[in-house]
Amino acid sequence: MADIASPAVPPDPGRGEPVISLRNVSKNFGAVSALTDIELDVYPGEVVALVGDNGAGKSTLVKVLAGVHHPSSGTIRFNGQEVSLSSPSAALDLGIATVFQDLALCENLDVVANIYLGREANPWKLDEVAMEVRAWTLLNELSARIPSVREPVASLSGGQRQTVAIARSLLLEPKLIMLDEPTAALGVAQTAEVLNLIERVRERGLGVIVISHNMEDVRAVADRIVVLRLGRNNGVFTPDDSHNDLIAAITGAAENSVSRRAERRAARQEGHA
Amino acid sequence: MSSNPNSVAGRALDRADARLRQDEGLGGALRGFLDRVRSGDLGMIPVAVGLVLISVIFTGLNPVFLRPGNVSNLLYDCATTGIISLGIVCVLLLGEIDLSVGSMSGLASAILGVLWINHGWPVAWAIVVALGLGALVGALYATLYNRIGMPSFVATLAGLLALLGFQLYLLGSSGSINLPFSLPLVVFGQNAYMPNGLSFVLALLPGAALLWSGLRARARRQAAGLTGGAASVVVAKAAALTIGLVAVVLYLAQGRGVPWMFALFVGLVVAMDYAIRRTKWGRSMMAVGGNREAARRAGINVRRIYLSAFVLCSTLAALGGILSAARLGSASQQAGAGDVNLNAIAAAVIGGTSLFGGRGSAYSALLGIIVIQAISNGLTLLNLSSSLRYMILGGVLALAVIVDSLARRSRASHGRG
Ligand SMILES: Nc1ncnc2c1ncn2[C@@H]1O[C@H](COP(=O)(O)OP(=O)(O)O)[C@@H](O)[C@H]1O
Ligand SMILES: [Mg+2]
């Protein structure tokens, strides 16, 4: 269902309100428009894949939703309420959890401290035992291969760090979870585990935004595939759409599926009229 | 343990990975410790080695050095600059610096003298005003940093001059205000020692606390399906701590005993250590010092953390200034000038708190200042001029920074950040 005119179509009504809903969201870094008039809806229990070439603005979009960057214009609704995601803690408090592409872990702290960072249970007397048990439970759910959670994160490999970052995002039962290239550094088993995890999170009724360059993975888990190109929406696809169409939308080949579909749609509408 | 619901395949939750060496008992604890040291996690080791060396050398040159009376006196001198250094640890943990702590302490002593002696205020009010001004100055640095992005190095350098000017202005033409020796605060600063019985009992407390909390943590961990570690390790640590403290206290009891002021300093160090290691605030401090952006994205209020650290640092500097006025029996234009600033910063670094942020301990202020005072004291006993003292302290500081930098490199190559 690619459609440029209203790119973030709610595919089937009756799924209630979107968890998150963006309208005309733009973000400029000085003269660079990283995002222009982005529209995006994510429903509870839906996995939306965000794809696009390098520099398309995927990470910037995730950071806007995580409260790291403030949008230059546009509105964001969370569960129907207009929100201003003024800081990362505001986004976290709403229930938006993020695995950043650059992971954002504190290398000098150990795994447990990183997983619980900013969300420690007993502020005046940290409960290390409870935190460690919960950390192991989360990591085991992800089939993590981490020998010790009491080592500084600096001693972990890229894949292990990624697992820690994912475990952290699951800690507080979020309503929307965003994963920016979560499988980029992972081995075969962990990639499968993360895809499984996305399925499970979806079944629990969470909204999921996942960014990946791996079209296999994207097709395996996504309900909808939203394409960004040069900071703009460039079509919405389903996993069943053809590979070539998707690639064309990503790369922006002149004669691409999007333009063809738009033509077809226009023709259909004329037919109806 | 295999009966525990949390354990994996009969192994404790944290020992399930087959690649993990199953360190058990005292030997295992020792092996883990050596591993950490080899990878560049030196902690307090360099300063401990340094202290032993200093004691041996100076005692060899002049046996008076290690006499109980001299050690008591040395510890008395540690307290004031040590408290200032404790504040420095806070800002260093964030990878920042406060160069104005010396001036702040001098200003605090001037305020104490002017309000208390010249204006006849109750001493408590004078102290509150001095501490409050310290907090205000710290808040100003933090605001400059948070809102304008002014590097703490520059802001506090400006503060160094401005506060010094204010101190000179307050003291005016007289230049110095004497505090009467009969006043309790001055007695506290010059001649207040703990009763030997009390210091002996207090020396038993840390070991007992360590034993109790260690065994309790061990039981809780095992109940939760984690390895508890060997009880023997806990007992050995507690015993070593108790023996060490009791030996020191009994030794000092042969002279005048433990100075109250030093006890206050140690109390503050213990409290700060707890705050850094066991509270959410301390965890946030470490996180901001380690990776500011990651801390922000984890929802930590980074600005508030900077504010708390700078306020704490300046307030402790003011407290150190008040106590040093009591120690000297006067508030003078020289208070806080000279080497107070550098000693306080050097102590934290010598004690093993990294200049690069995110790594360090409250105890580094304690050990670092003892090293510095021991060197000063030893050289004074040898009748060596302050020129030599400065050169030697400069060398020691350089050595400490070299050790810090090398350890950092070694950690990087061992993948320990
Ligand atoms: N902090 C920033 N300052 C300036 N430009 C930025 C910043 N972050 C991203 N950009 C720019 O925004 C664009 C989109 O980047 P990004 O969102 O990281 O792309 P993607 O994740 O899709 O590869 C790029 O052109 C990048 O240079
Ligand atoms: Mg990216």
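The shell around ligand 1 in this predicted model divides into three nonpolar, five polar and two charged residues, where Ala, Val, Leu, Ile, Met, Phe, Trp, Tyr, Cys and Pro count as nonpolar, Asp, Glu, Lys and Arg as charged, and the others, Gly among them, as polar. The residues concerned are A:Phe29, A:Ala34, A:Asp53, A:Asn54, A:Gly55, A:Ala56, A:Gly57, A:Lys58, A:Ser59 and A:Thr60, a residue being near a molecule if one of its heavy atoms lies within 4 Å of it. Helix 1 of chain A (residues 58–65) contributes the largest share of this shell, three residues; helices (H or I, at least four residues) and strands (E, at least two) are DSSP runs numbered from the N terminus.

Local features require pLDDT of at least 70 and side-chain atom pairs count only at pLDDT 80 or more, whereas totals for chains, interfaces and linings use all residues. Residues are numbered from 1 along each chain as its sequence is written, chains are lettered from A and ligands numbered from 1 in the order in which they are written, and side-chain values use heavy atoms, with hydrogens and water left out.

An N or O atom in the side chain of A:Thr60 is 2.5 Å from a ligand oxygen. A backbone N or O atom of A:Lys58 lies 2.8 Å from an oxygen atom of the ligand, and a polar backbone atom of A:Ala56 is 3.2 Å from one. Taken alone, ligand 1 exposes 560 Å², of which the protein buries 60%; accessible areas come from the Shrake-Rupley method with a 1.4 Å probe, and for residues only the protein chains shown count as cover.

The magnesium ion (ligand 2) is coordinated by A:Ser59 through OG and by A:Gln101 through OE1, at 2.0 to 2.2 Å. Donors are N, O and S atoms within 2.8 Å of the metal (3.2 Å for Na, K and Ca); water is not among the atoms, so sites may look incomplete. The two residues link distant parts of the chain, 42 residues apart: A:Ser59 belongs to helix 1, and A:Gln101 to the loop between strand 6 (96–99) and helix 3 (111–116) of chain A. A:Gln101 is partly exposed, with a relative accessible area of 40%; buried means under 20%, exposed over 50%, and partly exposed in between (1.4 Å probe, protein chains only).

Over all chains, 19 salt bridges are counted, each defined as a side-chain nitrogen of Lys or Arg within 4 Å of a carboxyl oxygen of Asp or Glu. A:Asp41 and A:Arg23 meet in one such bridge, at 2.9 Å from N to O. A:Asp41 lies in strand 2 (residues 32–42) and A:Arg23 in strand 1 (residues 20–29) of chain A, so the pair ties together parts 18 residues apart in sequence. A:Asp41 is buried at 2% relative accessible area, while A:Arg23 is partly exposed at 31%.

A:Glu107 forms a salt bridge with A:Arg161, with the closest N and O atoms 2.4 Å apart. A:Glu107 is in the loop between strand 6 and helix 3, and A:Arg161 is in helix 5 (residues 158–170), 54 residues apart. A:Glu132 and A:Arg150 are likewise bridged, at 2.9 Å between the closest N and O atoms. Both residues belong to a network of salt bridges that also includes A:Asp110, A:Glu128, B:Arg221 and B:Arg283.

Technical notes. A polar contact is a pair of N or O atoms within 3.5 Å; within protein, one must be able to donate a hydrogen and the other to accept it, and residues adjacent in sequence count only if both atoms are side-chain atoms.
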